Amino acid sequence: MTESRELFELLCRRRLIALLSPRDPKDCLRAYELCEREEVVLEIAFRTSHAEEGIRAVRAAFPDARLLAGTVMTASQARAAMDAGASGIVSADYIPEVVTACVERGVMVIPGGLGDAGKQLVQKAGLLECPLSDLRKEYPEQWIYKLFPAFSGGVSRVGLAGAWRGPYRDLAVVHTGGIDGRTLPAALRADPEGIFCGSELARDSKNPEKMTAEIRKWKSILAQGRPGITPASPKTESGSSAPGTSEAPGRVVCFGEMMLRLSPPVGERLARARTLELEVGGAEANVAVSLARFGREAVFVSALPDNDLGEKGRNVLRGHGVLTDFVVRKGRRMGIYFLEPGSGPRPSRVIYDRSGSAASRPTPADIDWDRALDGAAWFHWTGITPALSDSTAEALRVGLQTARARSIPVSVDLNYRKALWSEEKARAVMSELMPYVDVCIGNEEDPTRIFGIEPRGSDVERGRIDAGGYRALAVSLRERFGFSRVAVTLRESLSASENMWSACLLSGEGFIQSRRYRVFIVDRVGSGDAFAAGLIHALLDKRPDGDALEFGVAAAVLKHSIKGDFNLVDAAEVERIVFEGTSGRIRR
């Protein structure tokens with residue numbers, strides 16, 4: 001194994017980098033000894049005249065030392081740092097000549113900025129004559145980038161890491177610039193997989209007690225989050241992954257119906273419309289699209305007709321990165337819903353035409369649940385799915401049994417639809433399926449309509465919501481069905497154009513209420529699905545429940561501003577709402 005790969009694996013395990021601007025070569029020795037004892041990687045900034053000599057001094061005293069040389073600006077500086085004994089180079093920006101100098105020597109290079117993550121990966125792959133799709137496997141130490149500045153002027157940019165990992169899965173991201181003991185918790189919440197670098201860790205290198213205390217403070221904060229990414233292991237000679245490796249992509253499987261959506265232009269009544277706009281959507285499909293845009297591997301299981309409309313639906317999902325290998329082609333029609341968007345005092349109206357749709361025809365024999373759930377980290381469905389038909393409900397039951405046998409977490413969004421079944425049948429069928437569920441999600445009305453549990457102090461029809469009253473409701477649901485978490489979304493309708501939106505969550509961490517947002521509505525359809533996707537994504541990231549709730553709510557708030565069923569945002573945009581609020585200032 002090369003020195004660079006050893007250093008990369010250290011970075012993935014330790015996840016903390018102490019950035020030292022040495023005042024003399026002995027400063028490097030002191031800092032390295034302390035960093036090794038505390039299991040932190042040392043980066044020596046090459047902007048001082050003592051850096052090169054300091055790296056040489058460390059390697060002379062500790063031949064197995066694995067060091068980073070930082071703030072490298074030119075190819076000649078990169079070569080000098082490598083000659084001195086640096087096992088990895090951190091460039092001040094994405095500087096192509098620095099990348100070339102390092103890759104030609106087989107040394108890990110970490111360029112950085114607020115963009116160009118893909119450009120430097122493409123350059124590395126080209127220099128190594130390796131397809132970009134194979135770079136992460138063949139040269140994992142080069143599948144890395146630096147986000148700089150992570151914090152500046154009170155603005156967080158840490159959420160960009162999640163956006164980069166959409167197209168560049170499992171990209172290792174080093175966050176630096178503005179990272180200190182105060183901002184690290186927020187950075188960790190935004191990117192639980194990140195590697196974090198700060199000069200504050202090495203500021204007291206001449207005072208071992210102070211430096212040790214600072215490092216241990218950071219490590220304590222880090223311990224509250226999940227372990228970092230698992231580095232991709234190189235392929236064996238046969239081309240397969242080395243034994244014992246796992247890519248852990250957070251694969252989420254969603255089962256439900258995809259529909260056609262037809263709407264008149266905004267402001268026109270459906271009864272007088274001469275043109276209708278065509279969209280596609282559906283609760284579980286909406287969740288799958290959101291998760292794919294967050295960088296998850298999302299799988300949609302359903303049935304679509306074997307005709308051009310079914311092909312359109314499948315192609316739309318594929319275009320958003322959703323896997324459709326388990327979409328059965330049968331039946332003659334897609335379900336349709338007609339939406340007349342409301343405005344001000346006039347509410348939106350929906351007319352369904354979905355009887356006999358392809359999604360109501362799957363049987364347990366149509367879906368290979370063993371394959372569909374192979375490697376899954378989560379399984380999501382909604383109360384719409386078993387309401388479609390008895391055969392679809394039975395296919396769902398088999399999927400839930402398979403997930404339970406494999407210990408795959410399961411979430412349900414209750415999503416009661418009175419056009420599909422009565423409250424009595426919903427209660428009977430859903431009660432039988434709830435024992436398979438870990439996380440239950442519902443809006444302010446669903447638990448009452450399906451299970452007859454009413455919250456105290458709220459009047460949904462008048463738009464008055466008392467979040468505290470939902471605590472007892474959530475406790476009742478958990479006691480009845482054994483859920484690990486119960487989430488309830490709370491919409492206070494001021495008009496069809498303006499709502500207040502929040503959510504609450506009952507879990508092992510207690511009863512948590514989110515921030516309350518005022519939302520101005522472009523399209524509210526799919527906002528509950530956006531919340532479910534955000535919550536699932538954040539829970540898979542092992543974020544604290546309060547942070548996961550806020551991420552889900554922020555995702556739903558954004559969805560209200562986007563036309564169509566799908567929440568066409570990435571994780572970075574959601575993080576901006578979490579950290580910066582909803583001011584909506586233009587971004588240039």
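User: What is the relative accessible area of S431?
Analyst: S431 has a relative accessible area of 26%, so it is partly exposed. Buried means under 20%, exposed means over 50%, and partly exposed lies in between, using a 1.4 Å probe and protein chains only. This is a predicted model, in which local features need pLDDT of at least 70 and side-chain atom pairs count only at pLDDT 80 or more, while totals for chains, interfaces and linings use all residues. Residues are numbered from 1 along each chain as its sequence is written, and side-chain values use heavy atoms, with hydrogens and water left out.

User: Where does S431 sit, and what is it in contact with?
Analyst: S431 belongs to helix 16, residues 423–433. Helices (H or I, at least four residues) and strands (E, at least two) are DSSP runs, numbered from the N terminus. Setting aside neighbours within four places in sequence, S431 is in contact (heavy atoms within 4.5 Å) with A426, F451 and F481.

User: How far is S431 from L188?
Analyst: Their C-alpha atoms are 38 Å apart, and the two residues are separated by 243 residues along the chain.

User: New topic: at what angle do helix 11 and helix 19 pack?
Analyst: Helix 11 (residues 283–293) and helix 19 (residues 527–540) pack at about 45 degrees, and their axes are 8 Å apart. Axes are lines fitted to C-alpha atoms, for helices over the stretch in contact, and angles run from 0 to 180 degrees between N-to-C directions. The two helices are therefore oblique to each other. Angles under 35 degrees count as roughly parallel, over 145 as roughly antiparallel, 65 to 115 as roughly perpendicular, and the rest as oblique.

User: Which residues meet there?
Analyst: From helix 11, A283, N286, V287, S290 and L291 meet D529, A530, A532, A533, I536 and H537 of helix 19. By class, the residues of this contact are seven nonpolar, three polar and one charged. Ala, Val, Leu, Ile, Met, Phe, Trp, Tyr, Cys and Pro count as nonpolar, Asp, Glu, Lys and Arg as charged, and the others, Gly among them, as polar.

User: How many residues of helix 11 are buried?
Analyst: Ten of its eleven residues are buried, so helix 11 is largely enclosed by the rest of the structure. Among them are E284, V289 and A292. Just after helix 11, G295 has a positive phi of about 100 degrees.

User: How many disulfides are there?
Analyst: The count is zero disulfides, where a disulfide is a pair of cysteine sulfur atoms within 2.5 Å. C35 is in no disulfide, and the nearest cysteine sulfur, that of C197, is 10 Å away. The sulfur of C102 is too far for a bond, because the closest cysteine sulfur, in C197, is 16 Å from it.

User: Are C35 and C102 buried or exposed?
Analyst: C35 is buried, with a relative accessible area of 0%. C102 is buried, with a relative accessible area of 0%.

User: What kind of peptide bond joins F148 and P149?
Analyst: A cis peptide bond joins them, with omega at about -10 degrees. P149 is in the loop between strand 7 (144–147) and strand 8 (151–152).

User: Lastly, what is phi for D116 and for K542?
Analyst: Phi of D116 is near 70 degrees, a positive value in a residue other than glycine. D116 lies in the loop between strand 6 (112–113) and helix 6 (117–127). Phi of K542 is near 65 degrees, and K542 lies in the loop between helix 19 and helix 20 (545–559). D116 is partly exposed at 32% relative accessible area, while K542 is exposed at 55%.
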